[in-house]
Structures are given as structure tokens and as C-alpha cells.
There are 2 protein chains.
Amino acid sequence: MDFENIAKAAKAASLEIADINSDLKNRALSDIADALEKEKEQIFEANKKDLKEAEKLVETGEISKSVFNRLKLDNNKMRDMLQGIRDIVKLEDPVNKKLLVRQLDEGLTLYKVSCPIGVLGIIFEARPDVIAQISSLAIKSSNAVILKGGKESINTNKTILDIINKTLDKVAGFPKNVLQQVFSRDDVAQMLKCDKYINLVIPRGGNKLVKFIKENTKIPVLGHADGICHIFVDETADFETAKKVIIDAKTQYPSACNAVETLLIHEKFKADLPQVLLSAGITLVNNPETWAFEHGDTTLAYKTVKNLDEAIEHINTYGSGHTDCIITQNRENAEKFMNKVDSAGVYWNVSTRFADGFRYGFGAEVGISTNKTHARGPVGLEGLTIYKYKLIGAGHIVKDYVDGVKNFHHKDL
Amino acid sequence: MDFENIAKAAKAASLEIADINSDLKNRALSDIADALEKEKEQIFEANKKDLKEAEKLVETGEISKSVFNRLKLDNNKMRDMLQGIRDIVKLEDPVNKKLLVRQLDEGLTLYKVSCPIGVLGIIFEARPDVIAQISSLAIKSSNAVILKGGKESINTNKTILDIINKTLDKVAGFPKNVLQQVFSRDDVAQMLKCDKYINLVIPRGGNKLVKFIKENTKIPVLGHADGICHIFVDETADFETAKKVIIDAKTQYPSACNAVETLLIHEKFKADLPQVLLSAGITLVNNPETWAFEHGDTTLAYKTVKNLDEAIEHINTYGSGHTDCIITQNRENAEKFMNKVDSAGVYWNVSTRFADGFRYGFGAEVGISTNKTHARGPVGLEGLTIYKYKLIGAGHIVKDYVDGVKNFHHKDL
């Protein structure tokens with residue numbers, strides 16, 4: 001099938017799945033988890049094929065050792081993947097929720113009801129567990145998806161989606177074509193142009209991928225390219241808190257997008273603080289060229305600032321709007337920081353590493369967004385929904401209200 | 001000032017206005033209404049200048065008589081404009097609302113707080129009352145704006161924004177550069193490219209303008225290009241209800257975007273219904289070439305359909321996702337229609353003309369959106385906001401939770 005037809009089929013499927021009930025979706029998800037568990041040897045076999053090809057690419061330097069590791073599906077990752085699907089079953093259905101019920105007038109009632117977005121385009125790199133996770137999130141939120149995985153994991157992705165779709169074929173009443181997969185670069189190019197059928201693009205991968213996608217489509221993109229997170233140590237900071245939080249934010253998992261990249265230190269601490277961080281194995285660099293740079297390792301940019309205002313200005317200039325923290329004992333400064341720093345997460349005396357859908361209690365994470373519209377910060381299932389207005393009356397006409405024969409009373413129920 | 005600097009100034013202003021309180025914003029709005037009222041003769045004078053120029057353009061056929069009429073600011077429009085600003089004062093402040101308060105663990109609390117989007121780019125055609133309305137909405141929602149009006153109303157727009165900005169200069173504590181205006185075509189081109197500083201573009205004008213903007217920017221656009229609204233008269237429809245609703249939806253204000261454009265009639269009514277509509281002065285056309293066409297007058301496309309499924313399919317194929325209605329006495333069919341039709345408004349036995357922020361009780365309308373993300377349908381002040389997450393703790397670190405020393409308890413407060 002060419003891309004246009006795949007996209008058309010996805011659109012049709014999205015209209016079908018919009019109207020199925022929670023029980024049917026949950027049954028489908030449980031069956032998927034069971035089927036993947038039952039067929040896991042087949043998945044491991046496919047993964048071995050991918051790994052064998054990937055080994056050659058590691059040798060020639062075409063892919064890094066860390067990409068190779070992400071590609072590898074072991075028993076632990078398989079267990080987490082299955083648990084992830086079963087956890088999604090337990091979550092509340094994000095669609096068909098009444099967000100507002102308002103009587104506009106006698107017998108004329110407005111309902112604002114959550115509903116799926118439609119068709120999602122998912123572009124992800126070599127992490128084959130993503131395909132099961134994102135398919136499950138799509139089913140739970142009644143969206144259709146077109147998936148494009150990394151070419152390094154093609155056998156694993158094909159096998160997993162095959163098992164999922166064969167399972168869905170056996171679930172009575174579940175629509176066809178909800179989950180489709182494409183494989184070529186040309187498919188990606190067409191996906192990014194296909195605003196007629198695709199409503200939201202979600203890239204799951206490194207900065208380069210996300211930047212490329214954001215620059216090459218007019219379809220809304222949910223995600224973040226950079227995670228330039230800051231910690232500002234204010235004049236009244238508790239030294240032990242500062243030390244503990246910075247070390248956690250930089251060293252607990254340095255390659256995460258919510259790890260701290262730049263430390264802004266009030267002059268008062270410029271002598272003491274760097275010392276303890278160096279002792280903790282952190283490499284400090286003081287170079288304006290790295291102020292908008294994501295190190296991804298234990299390197300931390302730092303800068304001495306005179307006051308809170310300079311810190312806020314620095315963050316709003318060089319930050320990526322992801323997550324930024326102030327360490328202070330001064331409530332007024334903390335509040336000013338949290339109101340004026342224009343980021344998805346603004347933290348007070350807490351490690352930036354908490355910026356995560358599971359830690360926020362969303363039960364599932366679609367991604368972390370630095371957008372200023374739709375969804376911002378860690379995004380749960382709700383981010384895959386929008387709403388529609390249902391208006392139910394008994395032959396009500398606008399003329400009566402324009403002529404003053406009737407009046408709105410707007411009573412929330 | 002060149003556009004880059006205007007946009008930079010707007011960004012800086014947006015960070016300032018994000019943190020001012022409701023009282024200050026409301027005082028500014030009241031002062032604006034008073035000042036515009038006091039200086040209204042000056043505004044009428046400027047408007048006369050524009051009208052004099054516009055008259056020549058009407059003569060040469062460069063602008064239509066209806067554009068000329070929209071351009072004209074009379075006492076009624078002035079009164080409505082002032083009332084509009086004073087109504088916005090009375091609305092609840094849409095920012096700083098706590099959307100979620102969740103204790104993640106002892107002493108670690110997450111707040112999801114509504115906040116402004118940032119910088120809005122507003123492009124509007126020759127309706128000089130828009131500039132006061134949109135400026136007031138921006139102030140109330142703590143956003144900065146860059147305004148670009150139609151060249152036909154340049155004197156009126158300049159005079160109005162001048163009075164507004166002179167008033168704001170006298171409001172102690174109100175930031176500079178919240179409201180700026182640009183004038184050239186080149187400014188529009190630059191605005192559409194300026195995704196570094198502008199977070200949302202709102203076009204206020206005809207289809208052509210909206211389509212042009214949607215096709216020429218990667219910045220999110222709030223609006224709708226087309227309003228191809230449908231009414232489907234189902235087999236069990238009450239004939240009188242059908243007649244009344246269709247006549248209202250087509251004739252009460254035919255040029256509105258929520259007026260009906262296509263009528264889908266169940267075979268049962270194909271003989272009777274057209275007759276009564278013709279008698280009501282509606283012109284009926286049965287031509288597939290007009291299935292996706294917005295007439296904007298009392299012309300109504302119509303088509304006979306066999307059943308509900310054919311109607312749903314037609315609407316999802318040719319509609320614009322604006323507002324669509326079913327006339328039926330059959331609850332099951334009504335529910336199927338409302339769930340399966342993929343539009344911002346899905347109505348049952350009600351005129352499509354109700355799709356409007358004021359009629360929905362939003363108090364103000366930013367526009368009507370057919371987007372599938374962020375805001376859909378009639379958009380009130382809420383559509384000019386997003387949210388940020390504030391996380392407040394006492395030196396909490398992620399390592400404790402990863403190591404199992406502490407556990408999240410996720411308790412909503």
C-alpha cells in the first residue's frame with residue numbers, strides 16, 4: 001500500500017475506534033500482553049537478527065554502542081514492556097469524559113466531552129519496546145497510529161506489531177487498521193506532509209530526530225528537542241540541600257533529558273560549592289559556548305550570578321523551557337522564580353530529575369513536551385485527547401435569542 | 001524598530017505580564033474603556049479618513065461594499081466595543097488557576113497551574129473593533145501581542161492602539177510593549193517565520209487569509225478556514241423541527257461560519273422538505289461540486305441519503321470539522337451521529353448557529369477552532385492559556401525513589 005492509502009485507512013480506523021467502549025479496549029490490551037508473552041521467543045529471535053546486523057554497524061562505527069544496547073531486548077525489558085501494557089489497562093479511560101455540562105436554556109444542554117485526536121504519526125529510533133508501549137497508549141486513547149521505527153530494529157518491530165495485529169484480528173468488534181507500520185525514509189517524508197490525515201506527530205528519540213521533524217512539518221509535534229535544565233543556587237540556599245539536589249540532578253542518570261546542564265551560583269557560594277561538586281565526580285565548565293548545550297554526561301556548565309533577576313534572565317535566554325529549579329530558603333524569591341521562569345517545570349528545592357510522567361503519577365508517559373500549546377511538561381494519556389461539544393435541544397433556534405423571545409441562562413450542571 | 005526587535009520586546013513583555021495580578025489587569029482594562037470612550041471623536045475622525053480612502057477602492061472595485069461596511073465604525077459598534085472591554089473585566093482571571101494539586105510524597109507537592117502562552121501574533125482584516133477586543137483578551141490572559149491589521153483601517157487602528165498604549169503608560173506597574181502593532185506585508189512574512197518568539201498565531205478574517213496563514217507558518221494557528229456545516233434529517237425526524245432548524249441555520253445570518261451549507265435528507269423526506277425550504281426563500285442546489293463549498297448566502301446544497309451511515313460518511317469526507325447536526329427522534333442514531341462525526345460541534349435537534357463562545361457562556365470569544373489539538377470549537381479566554389508544573393519540596397532527590405528508600409504515594413489534595 002502506498003502512504004496515501006495507509007493514511008486514509010488510518011483516518012477511517014480512527015473514526016471507528018473513536019466509538020468503541022472501554023471494556024473492548026481493555027480486553028484488546030490484555031490479549032496483546034498475553035500474546036506477546038506467549039510469543040516472546042519469536043520476538044527474541046527477531047531481535048537477535050537485528051542485533052547481528054547491528055553488530056556490523058557498531059564495528060564500522062555507523063551506530064554507537066549505546067544505540068546497540070538500546071536495541072537489545074532482554075528478559076528484563078520484555079517483562080517491563082508487558083507490565084507497561086497491563087498497567088495501561090488499569091488506567092482510567094481518557095475519552096468520553098464529561099469536562100463540562102452546561103444548561104444554556106431550558107431543554108438546551110451543552111456537553112464538553114473528551115475524545116481522541118484522530119491519527120498519530122509516531123517516529124521512533126532503535127528501541128523496540130516503544131512499539132508495544134505506544135500502540136497500547138493509542139488503543140487506550142482511541143487513536144489510530146502510523147508507526148515508523150528505526151531501520152536497525154526492523155525485524156523486532158515487524159514481529160511485535162504482527163503479533164499485536166493478529167491478536168486484534170481475533171478481538172470481536174475491534175476495527176481494522178488502527179495500528180499500521182511503515183518502513184522507508186520516503187514514508188517519513190510523506191508522513192510529515194500528510195496534514196490532511198495525520199493530526200499529531202510524536203517523535204521518540206534524540207535531539208537530532210526531534211529537531212528534524214519539528215523543522216519539516218506543519219502538523220503539530222508533541223515532544224522536546226533539548227533538555228537544557230538549570231539549577232539556581234540563591235543567596236539564602238541551604239548548602240546541604242543545594243549539594244544533594246545538584247548531585248542527584250547531574251549524576252543519577254546524566255543522559256536523561258531532565259538532568260541538570262547548567263548551574264547558576266549566587267556569588268556567596270562561588271568558592272565553596274564548586275569544590276564539593278568536583279569531589280562528587282562532576283566536571284565543571286565555565287564557558288559561555290556551552291550555555292545552550294546538553295552534555296548528557298557528568299559535565300556541568302556553571303556561572304556565577306549577582307542575583308535572582310540575572311538567574312531568571314539567563315534561564316529564559318539560554319534554557320529550553322524544560323525544567324528549572326531554584327534552591328532557596330526565601331519564599332518570595334522562590335515564587336518569583338516559579339512565576340517568571342518560562343518553563344514546563346519550575347521547581348523549588350527539588351531535583352530536576354522528577355520531571356517524568358510516572359513520578360507525577362500519570363501512570364503512563366507519552367513524552368515530555370516543551371510546547372506552549374496543547375500539552376506541556378510530562379504528558380500522560382490526556383495529551384492524546386481533545387474534546388468535542390455536543391449540544392442537545394428540542395428544535396432550538398438562534399433567532400429566538402437574537403429577537404429576545406428567549407434568553408440564555410447558562411447554568412452549570 | 002525592525003520585526004526581530006519588536007518580537008524580542010514582545011517576548012520580554014510577555015515574561016513581565018505573566019506575573020502581574022488580576023487587579024492590575026482589570027484596572028488597566030477599565031482605564032482603556034474609559035479612555036477610548038473619552039477620545040471617541042478622535043477615533044471617528046481617523047475612521048473617516050480610512051473610509052474616504054476606502055470609498056475610492058470601492059469605486060475601482062478593489063474592495064467590496066461589505067468590506068467597506070465592516071470598516072465603518074459607528075456609534076453602535078463603538079458602544080459594543082466599549083461594552084466588550086468592560087465585560088472582559090468581569091470575567092474570571094484565566095491564569096494562576098490550580099488545575100491539579102498532588103502530593104507526590106511527604107513534603108513534595110506538585111501544582112499544575114494555568115499560565116499565559118506567551119506572545120500572540122494577531123492578523124486581522126478590516127474590522128477596527130477587533131484591535132480593542134483582542135488587546136483586552138490578551139491583557140486579561142497575560143499574553144503579549146503583535147497586531148497586524150488590514151491596510152484599509154490603518155488610521156483607525158493606529159489611533160485606537162495609541163490611545164490604549166498611552167493609557168497603559170499611566171497604569172503604574174504595567175509592563176511596556178505588551179501591545180505592539182506592525183503594518184507591512186513584510187512584517188506578516190516575518191511574523192509567520194518567527195517561531196523563536198511567537199507562540200500562537202490567530203487570524204481573524206475570511207477563508208483566504210486563514211488558509212494563507214495555515215499554509216505559511218510552523219507556529220500553531222488558532223482558527224478555522226472553512227465552515228462547511230451540515231444538517232442531516234434522519235428517517236424519524238420531526239418534520240416541523242427539521243424545517244424550523246434548517247431555516248434558522250441557513251437564513252438567520254447566512255454569512256456566518258456556523259450557518260448550514262449542506263443538507264443531507266433521508267429518502268423519506270425527499271419530496272416534502274425541499275418544497276418548504278424553497279417557500280422560505282432558500283435556493284437549493286444538488287451538485288457534487290458544491291459539497292465542500294461555503295456559500296455564505298441563502299444557497300443550500302442538498303443530497304438525498306439512504307441512511308445514517310451514508311450521512312456520517314459524507315460529513316466526515318466533505319465537512320470542515322466545524323459544526324454538524326442531526327435531526328431525529330431516535331436517540332440511538334443521535335448518539336451514533338454525535339460520536340462518529342469528527343467535528344468540533346455535534347448537535348442534536350438544534351440550529352448550527354449556536355456554535356459561538358457567547359452562546360456557550362464563555363463570556364468572550366477568541367475565535368472558533370477546527371484544530372484537533374489545544375483548543376477546539378468556540379474558544380474562550382482559556383484557549384489563550386497553557387499550564388506549567390510547579391514542584392515544591394525540601395531537598396527531595398530521585399535517587400531515593402529509584403533505590404526504594406522512599407515511595408511515591410500520589411495523593412490528590
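**A strand on the inside**

Start with strand S7 of chain B, residues 229-233: five of its five residues are buried, so the strand is largely enclosed by the rest of the structure. Keep in mind that what you're looking at is a predicted model. "Buried" here has a plain meaning: a residue gets the label because 20 or more other C-beta atoms lie within 10 Å of its own. Which way do the residues of S7(B) point? B:Cys229, B:Ile231 and B:Val233 go one way, while B:His230 and B:Phe232 go the other, and all of them are buried.

Now look at the strands beside S7(B). Strands of a sheet pair through backbone hydrogen bonds, and they can do so either parallel or antiparallel. With strand S8 of chain B (residues 260-266), S7(B) runs parallel, joined by five bridges. To get from S7(B) to S8(B), the chain passes through H10(B), making a β-α-β crossover that is right-handed. S7(B) also pairs with strand S11 of chain B (residues 323-327), again parallel, this time over four bridges. Here you can find B:Phe232 opposite B:Ile326 of S11(B).

Let's hop over to chain A for another sheet. This one is open and has four strands, in the order S5-S4-S3-S6, with parallel pairing. Strands S5 (179-182) and S6 (200-204) of chain A sit at the edges with a single partner strand each, so one side of each has no neighbour in the sheet. From one strand to the next, the twist averages 20°. Zoom in on strand S3 (residues 119-124) and strand S4 (residues 144-148) of chain A, and you'll see five bridges holding to the parallel sense. A:Val119 has A:Ala144 of S4(A) as its bridge partner.

Helices lie across this sheet too. Helix H6 of chain A (residues 129-140) lies across S3, S4, S5 and S6 of chain A, and runs at about 165° to S4(A). Helix H9 of chain A (residues 207-215) lies across S3 and S6 of chain A, at about 160° to S6(A).

Time to zoom out to both chains. How does chain B relate to chain A? A rotation of 180°, with 0.0 Å of shift along its axis, superposes chain B on chain A with an RMSD of 0.0 Å. That is the relation of a two-fold axis. To find the axis from chain B, look for B:His374: its C-alpha is the nearest one in that chain, 1.8 Å away.

And where do the chains touch? In all, 59 residues of chain B are in contact with 59 residues of chain A. Several elements of chain B each supply at least two residues to this side, among them strand S1 (98-105), helix H10 (239-251) and helix H13 (331-340). S15(B) gives the most, with 11 residues. Sorted by type, the residues of this side of chain B come out as 27 nonpolar, 18 polar and 14 charged. Since 100% of chain B's interface residues are also interface residues in chain A, the copies meet through the same surface.

Strands pair between the chains as well. Strand S12 of chain A (residues 345-350) is joined to S15(B) by five bridges, and the two run parallel. To finish the tour, look for A:Trp348, which stands opposite B:Ile392 in S15(B).

Conventions
Residues are numbered from 1 along each chain as its sequence is written. Chains are lettered from A and ligands numbered from 1 in the order in which they are written. This is a predicted model: local features need pLDDT of at least 70, side-chain atom pairs count only at pLDDT 80 or more; totals for chains, interfaces and linings use all residues. Copies are superposed by least squares on the C-alpha atoms of residues with pLDDT of at least 70 in both. Two residues are in contact if their C-beta atoms, placed from the backbone, lie within 7 Å. Ala, Val, Leu, Ile, Met, Phe, Trp, Tyr, Cys and Pro count as nonpolar, Asp, Glu, Lys and Arg as charged, and the others, Gly among them, as polar. Two strands pair if DSSP finds at least two bridges between them. A residue is buried if 20 or more other C-beta atoms lie within 10 Å of its own, exposed if 12 or fewer, and partly exposed in between; C-beta atoms are placed from the backbone. A crossover is right-handed if, with the strands pointing away from the viewer, the path from the first strand over the helix to the second runs clockwise. Axes are lines fitted to C-alpha atoms, for helices over the stretch in contact, and angles run from 0 to 180 degrees between N-to-C directions.
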